[in-house]
Amino acid sequence: MSERIVVVGFGPVAARLVDELLPAVRSGLVQMLVVGQEAEAAYNRVMVAELGVGRTTPEALAMADAAELEADGVDVRLGVKVKRIDRARQHVVLSDGTNEHYDRLVFATGSRPVIPNLTGLNPDPNGPVLPAGVTALRDLHDAAVLREAVAGGKRVVVLGGGVLGLETALAAAEEGAQATVVHNGPFPLGRSIDRGSGSVLTSSLRSGGVRMAGNARSTGVETAGPGGSFSALLLEDGSAIDGDLLVLSCGVRPRIELAEGCGLPTGAGILVDHHLRTYHEPHMFAIGDCAEVRCPDAACLDCRTATGPSGLVGPGWRQAEWLAEYLVVLARDGQEAADALEALPTEKPGVVVLKARGINLAVAGDNQADPWDEELLEAGAASGRARRQISQWADPEHGRYVKMTTRGGVLEGLVAVGMPRTAAELVVLFERASELPADRSLLLRLDGPDQLDSGATSNDPQRTVCRCAGVNAASIEDSVLEGCSTVGEVSKATRAGTGCGGCHEDIKGLIEKHFQAAAA
């Protein structure tokens, strides 16, 4: 008898799990019910801002087709919530009035936007009330609100200096809106980058048409616009930033209330072990933004330094792929065979990339130490372990900055602004834990005039082009050889470019390189 798997949530990570399990559904090995709260099937939520400024379409964002899944035997319920989970009976109670049995249940509930506690906003995570003209830019409706403002050349105020907020502001400004970013601290991305790169980034953002309001603490929203809509963001110093649309980009928080409601242990997310199983409940799993991989073994070194859900789509997709294999083996061969599978690999430290027209930033690891900060440079240099070393170069006038933090020649942290080729090479070295050349200036020359004119770039076919989907250059080049000639066609063939979209230009470059060689 086939096992029944219930997937709670239908976002990008759930879509990948469903896609990986489809062969087992078609063969009758498993039955599957997918419950999605939104009326639409899974779509690429990371690209909602691009949709909001008119650079893509809802069709391009779609990651699943409910009708096609139904035809393949998947039971898809859209616009339906899971109200309660009965662990004892292994049932879920749905908002449409039905009770559904499960043999295995997968939480893929994702995360919700953080609503700041400002006068005029209701920050209740279970029922936030946002006045007209205020959006968290999380779904297709939010994208439509931003699109209307951008098309009308309105004043868009972005609260939050993270990557998504900055990309939204830049794109809105480029498409004709008046964009302002309001953030705490002297520069955006303050938790990830150092003062030098922050200053260069701020200057580059201003050059890109974005107004920057740093060291600003917001206290409330004014709703004196038409029909009681947003009109200004009020600041602690008594000033205000006028606008027609307020975009809240204050981070996200894992959706764990269903798990908490049925008594499962939670931390920042739903606590799971290295087989993605919830604590003390072998029938339940969690993946994506809602899952916190931190096993109950106090002696596990990987979990001792775990930091909670990453908030990135790439790790969620890798969890979905691993769990799909586990569930198939479990249904086909039993518990012992499934548990014999190699555990989910530990995620490597993430790389944050901001790519926009005229701006390129890459950051990873620890970048807070300065070249003459002896205390931080000596930190961790015990029992013969090498001390940190800092290599730093800045050209603020031209919007360029590079900082490399190494230990024993191996990168522990990097930040690069306005140096795309150097950044690309540093990211490869960071991900591979490779040793840097003794003369660090050799890396800076990658962005020199001679290299730019020759179109030089990394020719390593194994370099990762799409970090979200884990696709290397060789796979993309193979798809082009097989007839793919657009980014969309490469994405369908390899999944490259289906995450944050930051690799689209790199994919275009590989396509163009192939056809230039063919023409020659």
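Reply: Let us begin with a definition: rings of Phe, Tyr and Trp (its six-membered ring) pair if their centres lie within 6.5 Å, and planes under 30 degrees apart count as stacked, over 60 as edge-to-face and the rest as tilted. In this structure, ring pairs link Phe285, Trp322 and Tyr326 into a cluster. This is a predicted model, in which local features need pLDDT of at least 70 and side-chain atom pairs count only at pLDDT 80 or more, while totals for chains, interfaces and linings use all residues. Residues are numbered from 1 along each chain as its sequence is written, and side-chain values use heavy atoms, with hydrogens and water left out.

Me: How many aromatic pairs does the structure hold?

Reply: A pair of aromatic rings is described by the distance of the centres and the angle of the planes. The structure holds two such aromatic pairs. In one, the ring centres of Phe285 and Tyr326 are 5.9 Å apart and the planes stand at 65°, so this pair is edge-to-face. Phe285 belongs to strand 20 (residues 281-286) and Tyr326 to helix 10 (residues 313-333), so the pair ties together parts that are 41 residues apart in sequence. Here helices (H or I, at least four residues) and strands (E, at least two) are DSSP runs, numbered from the N terminus.

Me: Are Phe285 and Tyr326 buried or exposed?

Reply: Buried means under 20% relative accessible area, exposed over 50%, and partly exposed in between (1.4 Å probe, protein chains only). Phe285 and Tyr326 are both buried. For Trp322 and Tyr326, the ring centres are 5.3 Å apart with planes at 20°, so the pair is stacked. Both residues lie in helix 10, four residues apart, about one turn of the helix. Trp322 is buried, as is Tyr326.

Me: At what angle do helix 16 and helix 17 pack?

Reply: Two packed helices are described by the angle between their axes and the distance between the axes. Axes are lines fitted to C-alpha atoms, for helices over the stretch in contact, and angles run from 0 to 180 degrees between N-to-C directions. Helix 16 (residues 473-481) and helix 17 (residues 487-494) pack at about 115°, with axes 10 Å apart. The two helices are therefore roughly perpendicular to each other; angles under 35 degrees count as roughly parallel, over 145 as roughly antiparallel, 65 to 115 as roughly perpendicular and the rest as oblique.

Me: Which residues of helix 16 and helix 17 make the contact?

Reply: Contact means heavy atoms within 4.5 Å. Helix 16 contributes Ser475, Ile476, Ser479 and Val480, and helix 17 contributes Val490, Ala493 and Thr494.

Me: What should I look for in the phi angle of Leu189?

Reply: Most residues other than glycine have a negative phi. Leu189, although not a glycine, has a positive phi of about 55°. Leu189 sits in the loop between strand 11 (178-182) and helix 7 (195-207), and with 10% relative accessibility Leu189 counts as buried. Ala433 also has a positive phi, near 55°, and is placed in the loop between helix 13 (420-432) and helix 14 (441-444).

Me: Where is Ala173 placed, and which residues does Ala173 touch?

Reply: Ala173 is in helix 6 (residues 163-174) and is buried, with a relative accessible area of 17%. Not counting residues up to four places away in sequence, Ala173 touches Ala179, Gly208, Gly209 and Val210.
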